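Here are my notes for you, point by point. Keep the picture open while you read.

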Amino acid sequence: MPKATKGALIECDPSIKALIIEIDYQRHDIIIEELDDTHLLVDSDKVEFLKKELDTLLNKNTYNPTDADN
């Protein structure tokens with residue numbers, strides 16, 4: 001009998017997909033299936049957590065000219 005898993009389809013560019021894979025590598029409970037270069041099926045209960053983690057990573061890796069003065 002087929003088994004169904006509840007998930008959310010994420011469409012993103014390959015660089016964001018790489019970040020999501022890195023986050024999942026630490027936890028092993030976010031990605032259900034890698035579909036292709038721009039699509040992932042993720043646990044729908046982890047979407048908000050994933051958004052927060054991506055925001056944190058992207059803010060950490062974004063150039064801010066006011067930070068360069070310090």
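1. Start with a pair you can find by eye: Asp-36 stands opposite His-39 in strand E3. Asp-36 is in E2 (31-36), and a hairpin of two residues takes the chain from E2 to E3. The two strands run antiparallel and are joined by four bridges. (Strands are DSSP runs of E, at least two residues, and helices are runs of H or I, at least four residues, numbered from the N terminus; two strands pair if DSSP finds at least two bridges between them.)

2. A word on what you're looking at: this is a predicted model, where local features need pLDDT of at least 70 and side-chain atom pairs count only at pLDDT 80 or more, while totals for chains, interfaces and linings use all residues. Residues are numbered from 1 along each chain as its sequence is written, and side-chain values use heavy atoms, with hydrogens and water left out.

3. Ala-8 stands opposite Val-42, and Leu-9 has Leu-41 as its bridge partner. The whole open sheet has the order E1-E3-E2. E1 (8-11) and E2 are at the edges with a single partner strand each, so one side of each has no neighbour in the sheet.

4. Have a look at His-28, in the loop between H1 and E2. Its phi is near 60°, a positive value in a residue other than glycine. His-28 is exposed, at 61% relative accessible area.

5. Last, the helices. H1 and H2 (residues 47-60) pack at about 115°, with axes 11 Å apart. (Axes are lines fitted to C-alpha atoms, for helices over the stretch in contact, and angles run from 0 to 180 degrees between N-to-C directions.) That makes H1 roughly perpendicular to H2, a label that covers 65 to 115 degrees. Among the residues making the contact are Ile-16 and Leu-19 of H1 and Phe-49 and Leu-50 of H2; contact means heavy atoms within 4.5 Å.

Conventions:
Buried < 20%, exposed > 50% of the residue type's maximum accessible area, 1.4 Å probe, protein only. Parallel < 35°, antiparallel > 145°, perpendicular 65-115°, else oblique.
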